[in-house]
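I opened my notebook and went looking through a new structure. Here is what I looked up, entry by entry.

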Amino acid sequence: MIRMNDVHKAFGSQKVLQGLNFEVDEGQSLVIMGPSGSGKSVILKHLIGLLEPDQGKVEVLGQTVNIHNREALQRLRMDMGYLFQHSALINWLSVYDNVALPLRETTAQSEQEIRAQVEKVLGLVQMEEAHEKLPSEISGGMQKRVGLARALVTEPKIILYDEPEAGLDPEMSASISKMMRRLKEELGMTSVTVTHSVNCAVTVADTLAVFEHGQFLIAGPPTDVLNSDHPRVKTFLGAALD
Amino acid sequence: MNFISRTGATLLAPAIENAGFAMGVAGRTLARLHHLPKRRRLLFDQMHLGGIKSAPVVLFVSFFIGMILSLQLGFELARYGQQEAVGLAVAVSMVREMGPVMTAVILAASVASAMAAEIGTMRVQEEVTALEVMSVDVTSYLVLPRIMALTLMAPILTILANIIGIVGGGIIAYTQLGLDFDGYVRNALSALSDRSFAGLPRSVYSGLIKATIFGFAIAVVGCASGLRARHGASGVGESTRSAVRNSIILIIVLNFFLGKIVYT
């Protein structure tokens with residue numbers, strides 16, 4: 001469903017991806033951990049077509065992600081949802097209008113159909129009561145849930161999470177992780193998550209990968225990775241658990 | 001030679017890149033004019049924000065510009081015994097130059113800066129990226145309503161500025177120069193009687209053409225500066241600063257060429 005094949009990316013002299021390879025099958029959840037600034041989010045930006053690899057191939061849903069073919073890219077993005085690190089809600093739109101925006105802009109659905117779909121996804125993330133509020137009037141955790149509802153509203157096959165727990169207290173972070181797990185189980189969605197949180201990784205991942213220097217140091221079931229003898233992985237995960 | 005070419009590249013390359021980007025924004029906006037009916041709510045919101053809310057400042061400044069023109073021109077004309085021509089001089093100055101240019105400068109300072117700051121903040125907070133990821137057409141959704149709102153509101157504000165400026169000039173002519181107010185008005189209207197296009201005097205339509213083009217250019221520069229914002233709050237500050245600076249430069253340059261085209 002998702003495949004990166006020998007992907008290289010550099011920004012000037014800084015090599016961020018150095019021959020990265022991985023695959024995510026349908027319904028599976030890959031969680032990527034790694035130090036800040038290592039380029040984890042760059043992986044997500046390649047998958048959604050915001051960045052183009054210098055070398056190698058990115059395939060999503062059987063199609064090569066080509067940022068120069070705008071129409072094909074737009075069609076592909078319709079099957080993908082993206083939860084941004086800081087939610088990235090449109091600040092002048094209410095919660096309801098933020099979630100309705102992708103449907104209003106990219107589908108021919110009636111306002112009644114849109115309302116039904118928006119209410120459904122706001123229910124999924126337990127935000128039914130905040131329809132009329134502006135993003136500035138709700139907490140960071142609530143903004144994250146609204147961002148998640150917006151990512152889900154087009155019923156995507158794949159969802160990409162960019163540090164879903166960033167800026168949240170431990171309780172809210174755990175609640176978001178559980179919600180991600182529940183969405184995976186209920187909707188069977190394929191996901192790729194970038195996070196610093198071991199708790200989030202353990203809750204959500206089918207496969208956990210540790211990324212550094214443009215490559216995965218290790219990838220496998222979370223228990224295997226957490227018990228790995230790889231010295232760098234042990235150091236990183238030990239620090240993350242502290 | 002290397003030093004000269006390096007200096008030239010350092011100074012000119014960003015300017016050319018910015019100009020090219022702004023022209024791209026303008027072209028993509030014009031190509032989406034047919035989206036305007038779908039964007040009418042955003043358009044009206046922007047007309048209110050950019051036009052109606054700017055009106056008090058535009059009118060206040062224009063009133064004083066008219067008074068200044070009347071006072072200075074009145075004193076000079078009096079030396080030649082032509083004091084009664086002050087209405088004509090104020091009307092021509094306001095309608096051809098001061099009305100459109102001063103309105104545009106105020107819009108550049110207030111509206112272009114606001115557009116650059118708003119879109120720039122959206123850019124650095126990934127809201128623009130979020131729109132792209134959701135397959136929302138950023139030009140149609142964010143840029144088109146802003147550019148068309150200012151393109152429509154600039155000439156309307158200019159008409160109001162002209163009227164208020166001429167009235168301000170009349171008050172000074174009556175109170176300070178001892179002229180008859182009716183005579184001042186007749187004299188002012190006589191300056192605007194050279195009907196030459198669709199029943200409109202050339203002074204009026206040339207001013208309105210200028211205002212429309214200024215409005216379009218200011219909004220393009222504001223939106224383009226915002227879309228190019230990078231690197232957090234300092235990047236938004238820089239995009240706001242460059243929006244105001246580039247808009248004002250563009251107004252002055254366009255004013256010269258448009259004046260030359262219309263009057264030669």
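**A sheet and a patch**

I started with one residue and asked for its partner: in β4(A), A:Met4 has A:Val58 as its bridge partner. I keep in mind that this is a predicted model.

Next I looked up the two strands themselves. Strand β1 of chain A covers residues 2-11, and strand β4 of chain A covers residues 55-60. I found five bridges joining them, and the two strands run antiparallel.

Then I asked which strands make up the sheet in chain A, and in what order. I read off four strands in an open sheet, ordered β2-β1-β4-β5, with antiparallel pairing. Which strands sit at the edges? I noted β2 (14-24) and β5 (63-64) of chain A, since each pairs on one side only.

I also checked what packs on this sheet. Helix α1 of chain A, residues 40-47, does so, and I saw that it touches β1, β2 and β4 of chain A. The direction of α1 makes about 120 degrees with that of β1(A).

On to chain B, where I looked up a nonpolar surface patch. I wrote down an area of about 670 Å². Among the residues that make the patch are B:Ile159, B:Ile163, B:Tyr174, B:Phe181 and B:Leu189. Helix α6(B) gives the most, with five residues.

Last, I picked B:Ile163, which is found in helix α6 of chain B.

Definitions and conventions: Residues are numbered from 1 along each chain as its sequence is written. Chains are lettered from A and ligands numbered from 1 in the order in which they are written. This is a predicted model: local features need pLDDT of at least 70, side-chain atom pairs count only at pLDDT 80 or more; totals for chains, interfaces and linings use all residues. Side-chain values use heavy atoms; hydrogens and water are left out. Two strands pair if DSSP finds at least two bridges between them. Contact means heavy atoms within 4.5 Å. Axes are lines fitted to C-alpha atoms, for helices over the stretch in contact, and angles run from 0 to 180 degrees between N-to-C directions. Patches are made of residues with over 30% relative accessible area and no salt bridge: like charges are joined within 9 Å, nonpolar side chains (Val, Leu, Ile, Met, Phe, Trp, Tyr) within 5 Å. Accessible areas come from the Shrake-Rupley method with a 1.4 Å probe; for residues, only the protein chains shown count as cover. A salt bridge is a side-chain nitrogen of Lys or Arg within 4 Å of a carboxyl oxygen of Asp or Glu.
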